Every structure is written in C-alpha cells, then in structure tokens.
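Hi,

Here is the structure I promised to pass on. Have a look at it first, and then read my notes below.

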Amino acid sequence: MDYVMRSVRAEEWLLARQLRLDALQDPAAPVAFLDSCEAAVARPDAFWQDRTAAAAEGGDVRQFVAESPEGEWVGTVTVLIERPEDDVRFGEPAEVNQGHLVGVFVRPEARGAGVADALFRVAVDWAWSLSAPRLERVRLYVHENNPRAAAFYRRFGFVPSGQRTPVPGPGERREWELEYVIERG
C-alpha cells in the first residue's frame, strides 16, 4: 500500500470540504453520516476553514487522511476527545476520558486496499499517545443498518458496548446508532 496517513493541515480546507462532500454522496451516506450533502454544500467557506484548522491543530479534534502517491485524498477519519465534564456531542455522555471516531470514509476505488485499517491504526494510536488527557477508551457509533461498517469495526477490535442512541431526525420508525468501543489495553 503506497498511501500516506497524515493529519490535515489548516490550509487544506478545500480538500477537506471536497472529501466530505464526496463522502456525503456515497450510497452508504444515509446510514453512515448524520449530515446531508445539501446541508454541507450550503455551509460557508469560513465553516470549512475553521473546521479544518481545528482538526489540524489537534486540540480536542484531529482529522487524519489517506493520501495516494498522486496526492489524492482517498479516505479520512476524525478523532474527537471527550471528557466526562464536556457537553455531549452525540450519544451517551463520556464516563471516562475517551476518543470518539467520526467521519469515517474511504473512496470506493481505495476500499479493500487496507486504507481503512491504516486510518484506524493512526487514529487509535494517536488517541492512545495522548497524556493530557490520558484516554481510557475509544468509541464510535454505527447505524444498525450498516452491517458492512460494523463488521469492519469488529474486525479491527471494537466491540459493541450495549449502548445505543436514537438517530436524530423526524420519523415514526425509530432507528438506532450502536456504540462500539475499544478499551486501552
């Protein structure tokens, strides 16, 4: 595999925006993301600049990308740092200092080449490398109707915690996001 896994840089906001828009157009997007392409397209440049800068600086957010030898971004994952005292972004409140993986996407042409594994490895390794705060676990949520993603997460070492949270939005039929975790070990 000739892909490079690295953190985004603040000045790469246009690339980060395009990768997100591409992810939101993927056939799996309705069960993979709590966002829509229409909403993302409508966001101003300042939103994308701020979002990318925050993910590049690595405070409580770090975005990683997989870059091809030609410089194309073919995948991404973002780690959010969550503490028990923080406001809840999504799901259950953090009981311990933890990482939360979000925004997982690999372009179809790069799937099956080890890109997702490499992205997860760099993201989880980064989470474990933090000393302040020291993270006790990393979690993510997967839609109940996304078995392909759930199978990958289990293969990587994540296990269902038994927690679930409703998918935001209207509707009579309630759908669920299932929490998966990997403990520091």
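A quick definition before anything else: I call a residue buried when its relative accessible area is under 20%, exposed when it is over 50%, and partly exposed in between, using a 1.4 Å probe and protein chains only. This is a predicted model, so local features need pLDDT of at least 70 and side-chain atom pairs count only at pLDDT 80 or more, while totals for chains, interfaces and linings use all residues. Residues are numbered from 1 along each chain as its sequence is written, and side-chain values use heavy atoms, with hydrogens and water left out.

Let's start with Val 8. With a relative accessible area of 2%, Val 8 is buried. You'll find Val 8 in the loop between strand 1 (4-7) and helix 1; helices (H or I, at least four residues) and strands (E, at least two) are DSSP runs, numbered from the N terminus. Setting aside neighbours within four places in sequence, Val 8 is in contact (heavy atoms within 4.5 Å) with Thr 52, Ala 55, Ala 56, Gln 63, Val 65 and Trp 73.

Val 61 itself belongs to strand 2 (residues 61-67). Not counting residues up to four places away in sequence, Val 61 touches Ala 54, Ala 55, Thr 78, Val 79, Leu 80 and Arg 89. From Val 61 to Leu 101 is 40 residues in sequence and 9.9 Å in space, C-alpha to C-alpha.

Back to Thr 52, one of the contacts of Val 8. Thr 52 is part of helix 4 and counts as buried, at 1% relative accessibility. Beyond its neighbours within four places in sequence, Thr 52 contacts Val 8, Arg 9, Ala 10, Glu 12, Trp 13 and Ala 16. A polar atom of the Thr 52 side chain also sits 2.8 Å from the backbone oxygen of Trp 48.

Now the helix pair. Two packed helices are described by the angle between their axes and the distance between the axes. Here the axes of helix 1 (residues 13-24) and helix 4 (residues 45-57) come within 9 Å and cross at roughly 100 degrees. That makes helix 1 roughly perpendicular to helix 4. On angles, under 35 degrees counts as roughly parallel, over 145 as roughly antiparallel, 65 to 115 as roughly perpendicular and the rest as oblique. The axes are lines fitted to C-alpha atoms, for helices over the stretch in contact, and the angles run from 0 to 180 degrees between N-to-C directions. On the helix 1 side, Trp 13, Ala 16, Arg 17 and Arg 20 meet Asp 45, Trp 48, Gln 49, Arg 51 and Thr 52 of helix 4.

Next, the aromatics. The structure holds 12 aromatic pairs: rings of Phe, Tyr and Trp (its six-membered ring) pair if their centres lie within 6.5 Å, with planes under 30 degrees apart counted as stacked, over 60 as edge-to-face and the rest as tilted. One of them is Phe 90 with Tyr 141, edge-to-face at 5.1 Å centre to centre and 85 degrees between the planes. Phe 90 lies in the loop between strand 3 (73-82) and strand 4 (98-106) and Tyr 141 in strand 5 (residues 137-143), so the pair ties together parts that are 51 residues apart in sequence. Phe 90 is buried at 17% relative accessibility, and Tyr 141 is buried at 11%.

Phe 120 and Phe 158 make another edge-to-face pair, 6.0 Å centre to centre with 85 degrees between the planes. Since Phe 120 is in helix 5 (residues 115-129) and Phe 158 in the loop between helix 6 (147-156) and strand 6 (159-166), this pair ties together parts 38 residues apart in sequence. Both Phe 120 and Phe 158 are buried. Ring pairs also link Phe 120, Phe 152, Tyr 153, Phe 156, Phe 158 and Tyr 180 into a cluster.

Asp 26, in the loop between helix 1 and helix 2, is buried with a relative accessible area of 11%. Leaving out neighbours within four places in sequence, Asp 26 contacts Phe 105, Pro 108 and Arg 111. And the peptide bond from Ala 132 to Pro 133 is cis, with omega near 0 degrees; Pro 133 is in the loop between helix 5 and strand 5.

Cheers

Notes
Polar contact = N/O pair within 3.5 Å; in protein donor to acceptor, adjacent residues only side chain to side chain.
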